[in-house]
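These are notes for a colleague who is opening this structure for the first time. Please keep the sequence and the model side by side while going through the points.

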Amino acid sequence: MYTFVAQLLGIFGLGCNVISYQQKKKVMLILCQLFGGLFFSIHFFMLGDYIGSMLNAIALVRAIVFAKVIKTKRAERVWMWAFLVLCAATYPLTFTVFGVEASPFTLALKTLPVIAMCVGTVSFTMENAGKMRFLSLFNSPLWLINNIVELSWGGILCEAFSLISIFVGILRHDIKKKK
């Protein structure tokens, strides 16, 4: 039952994230991802993927800050760097506080979601949703690899559907708009 609930929460996170890429406005895109981050944070914690859990908790706070708190470009840059530092800090915490074995495979694997979150954080400083969608093309494959190894069905489906949704969003809002 525990694993079923964990996977179900991942499915809820999937729904929020896929819907986010279809939003026209940056604030709505970020708010949808906020709820995705909440569901995935709990999901990954329940699966024992602590770096995934911490990064999604950071994503939740990041979404709130970027959607509601930031009012100037300078503040946006300060928050961006703060979140980049937090994301980077999850890497050593995974191996020290949570006691994950530091094998060469695990050390390499756990860099992927950190890189994805850093790229995602930078994307939040982009002026429009189109640029955010473009940068998101780099995030999903990195998370997908982590999710496959961690057997996160919601995460695997999320990244597969997110890639499709990103491409559809780019076609609908970015390429079609230019024509």
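1. The lining of the largest cavity, sorted by class, consists of 11 nonpolar, 13 polar and 2 charged residues. Please keep in mind throughout that this is a predicted model.

2. The structure holds 1 cavity of 30 Å³ or more, and the space in the largest cavity comes to about 360 Å³. Its lining is made up of 26 residues, and those that lie nearest the centre of the largest cavity are Asn 17, Tyr 21, Gln 33, Arg 62 and Trp 143.

3. Helix H2, residues 26-47, and helix H7, residues 129-150, have axes that come within 14 Å and cross at roughly 10°. Because angles under 35 degrees count as roughly parallel, H2 is described as roughly parallel to H7. On the H2 side the contact is made by Lys 26, Leu 29, Ile 30, Phe 44 and Leu 47, while H7 contributes Ala 129, Met 132, Arg 133, Trp 143, Asn 147 and Glu 150. Sorted by class, the residues in this contact of H2 with H7 are 7 nonpolar, 1 polar and 3 charged. Trp 143, one of the H7 residues in the contact, is also listed among the residues nearest the centre of the largest cavity.

4. The axes of H3 and helix H6, the latter covering residues 111-123, come within 10 Å and cross at roughly 5°, which makes H3 roughly parallel to H6. The contact involves Ile 51, Leu 55, Ala 59, Arg 62 and Phe 66 of H3, together with Pro 113, Val 114, Met 117, Gly 120 and Thr 121 of H6. By class, the contact of H3 with H6 has 7 nonpolar, 2 polar and 1 charged residues. Arg 62, which takes part in this contact from H3, is likewise listed among the residues nearest the centre of the largest cavity.

5. Leaving aside residues up to four places away in sequence, Ala 63 touches Ile 30, Leu 34 and Phe 124. Ile 30 also belongs to the H2 side of the contact with H7. Thr 96 lies 33 residues from Ala 63 along the chain, and their C-alpha atoms are separated by 27 Å.

Conventions:
Residues numbered from 1 in each chain as written. Predicted model: local features only at pLDDT ≥ 70, side-chain atom pairs only at ≥ 80, totals over all residues. Heavy atoms only, no water. Axes fitted to C-alpha atoms, helices over the stretch in contact; angles between N-to-C directions. Helix = DSSP H or I, 4+ residues; strand = E, 2+ residues; numbered from the N terminus. Parallel < 35°, antiparallel > 145°, perpendicular 65-115°, else oblique. Contact = heavy atoms within 4.5 Å. Nonpolar A, V, L, I, M, F, W, Y, C, P; charged D, E, K, R; others polar. 1 Å grid on protein atoms, 1.4 Å probe; cavity = no way out; pocket = protein on both sides within 12 Å on 5 of 7 lines; lining within 4 Å. Points joined across faces, edges and corners; volume = space filled by probe spheres on them.
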